[in-house]
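Have the sequence and the 3D view open while you read.

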Amino acid sequence: MPLPVHMLSSLYTRFGLKVGIACVVGYAFSHWIGSPYPVWSVVSTIIAMQINVAESVQAGLMRITGTVIGAAIGIGLLLAVPKTPFWMGVSIFVITVVCAFLTRYSNRYNAVSIAATVVLLTGALYSKSGYEEAVTFGLMRVAEICIGVGSAFLVSVVLWPVRLVDTLRADLGLQFLECARLLDTLLSAFLARQQQQPYTLIAGIESKVWENHERLSKARKHESLLYHYEHGVMAIQVAALDRTTESLRTMIEALNDYDEEGRDILLGEELRTLGDAIMATLRHLGGADSTHPAPDLVRGLTGGVADAEQRLSELRSAGATKAYNLHKILQFFTFYQAMRMLAESLLIALDRIQNHAPRKKAVR
């Protein structure tokens with residue numbers, strides 16, 4: 001579910017203002033220290049400035065470390081290679097080829113390539129007295145880029161900070177609500193004589209699964225350097241969404257992979273009760289009170305599974321399943337098992353969240 005237009009407008013309006021302010025800060029500081037090339041501070045600010053704090057920290061660290069490495073390479077080549085067009089061309093070729101290959105391991109090598117090339121070419125062009133001036137020129141480029149990255153970081157943290165962990169938490173809430181809606185759609189289709197559904201129905205929620213892991217990893221790695229908050233509950237929520245999307249995928253495959261005439265489901269009432277308990281749990285996990293104890297949800301899930309199992313045992317004992325062919329039996333058990341496993345995984349998630357949730361101190 002996309003964010004409302006007015007929220008996006010406000011978010012990106014503030015981001016635009018932050019970029020402009022950070023660029024001015026970087027330019028002013030470069031001008032104050034007497035840098036003849038403040039353009040590098042401004043360019044570095046634009047590159048390092050990201051919409052949230054975690055990505056700003058990540059981009060800044062990559063830019064600074066890559067610049068330091070690249071400047072060292074550029075200075076080394078300035079000292080070792082003749083400043084002729086031929087040798088400059090050879091040096092540029094080697095730098096860009098090696099760094100392009102190394103980007104398979106880290107995007108940091110893009111910054112290495114840029115810094116090394118800039119220091120090499122401009123150093124060769126403007127150096128007059130040789131080694132000392134080439135080294136000074138390279139160090140100035142590092143300083144200017146660090147100023148730009150520092151300006152981006154400062155403005156990102158101080159002015160309207162957007163924490164990735166907060167946006168991720170809000171997105172997870174929307175995803176849990178979407179999973180509850182999808183489960184209701186699939187269960188209704190299954191009970192309505194197994195109506196097939198398009199696979200694109202769950203494509204949107206599936207596309208977010210790995211993105212959740214990536215964003216959580218960024219928040220843990222970068223924002224935790226600045227802010228203190230509990231990641232354990234969010235990690236459990238991300239894992240619960242993984243299992244939920246897997247179950248939804250199994251359910252839609254059960255609906256679509258058996259192209260036969262639909263039949264009424266004798267276990268319909270019990271499946272609906274279990275489905276309602278699962279949907280309530282999904283909405284709870286995505287809500288603001290997800291860390292609060294939820295004994296009613298636990299009873300609903302355990303009771304729903306137990307009632308469905310008991311009713312299924314009664315039907316099998318009475319021979320009711322003999323009226324169905326093998327494909328219909330497989331379709332039913334595939335769908336039902338996906339629901340049952342989802343209920344059990346959500347029970348585990350509820351228990352783990354209670355173990356990870358911070359305990360409030362009693363007031364004496």
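Predicted model: local features only at pLDDT ≥ 70, side-chain atom pairs only at ≥ 80, totals over all residues.

## Asn52 and its neighbours

Leaving aside residues up to four places away in sequence, Asn52 touches Ser156, Val162, Arg163 and Leu164. You'll find Asn52 in the loop between helix 2 and helix 3.

Is Asn52 buried or exposed? Its relative accessibility is 5%, and buried means under 20%, so Asn52 counts as buried. The side chain of Asn52 also has a polar atom 3.3 Å from the backbone nitrogen of Ala54.

## The helices on either side of the loop

Helix 2 covers residues 39–48 and helix 3 covers residues 53–80; they pack at an angle of about 135°, and their axes are 8 Å apart.

Which residues make the contact? On the helix 2 side they are Ser44, Ile47 and Ala48, while helix 3 brings in Ser56, Ala59, Gly60 and Arg63. Sort the residues of this contact by type and you get three nonpolar, three polar and one charged.

## Aromatic pairs

Time for some rings. A pair of aromatic rings is described by the distance of the centres and the angle of the planes. Searching the whole structure turns up seven aromatic pairs. One of them joins Phe29 and Trp32, with 5.5 Å from centre to centre and 45° between the planes, which makes the pair tilted.

Both residues belong to helix 1 (residues 5–32), and they are three residues apart, so about one helical turn separates Phe29 from Trp32. Phe29 is partly exposed, at a relative accessible area of 41%. Trp32 has a value of 68%, so Trp32 is exposed.

Phe101 and Tyr105 give you another pair: their ring centres are 6.4 Å apart and their planes lie at 80°, so this pair is edge-to-face. With a relative accessible area of 48%, Phe101 is partly exposed. Tyr105 is exposed, at 57%.

## A cluster of rings

Which residues do ring pairs link into a cluster? Look for Phe190, Phe332, Phe333, Phe335 and Tyr336 in your 3D view: ring pairs tie them together.

Terms used:
Residues numbered from 1 in each chain as written. Heavy atoms only, no water. Axes fitted to C-alpha atoms, helices over the stretch in contact; angles between N-to-C directions. Helix = DSSP H or I, 4+ residues; strand = E, 2+ residues; numbered from the N terminus. Contact = heavy atoms within 4.5 Å. Nonpolar A, V, L, I, M, F, W, Y, C, P; charged D, E, K, R; others polar. Buried < 20%, exposed > 50% of the residue type's maximum accessible area, 1.4 Å probe, protein only. Polar contact = N/O pair within 3.5 Å; in protein donor to acceptor, adjacent residues only side chain to side chain. Phe/Tyr/Trp six-rings, centres within 6.5 Å; stacked < 30°, edge-to-face > 60°.
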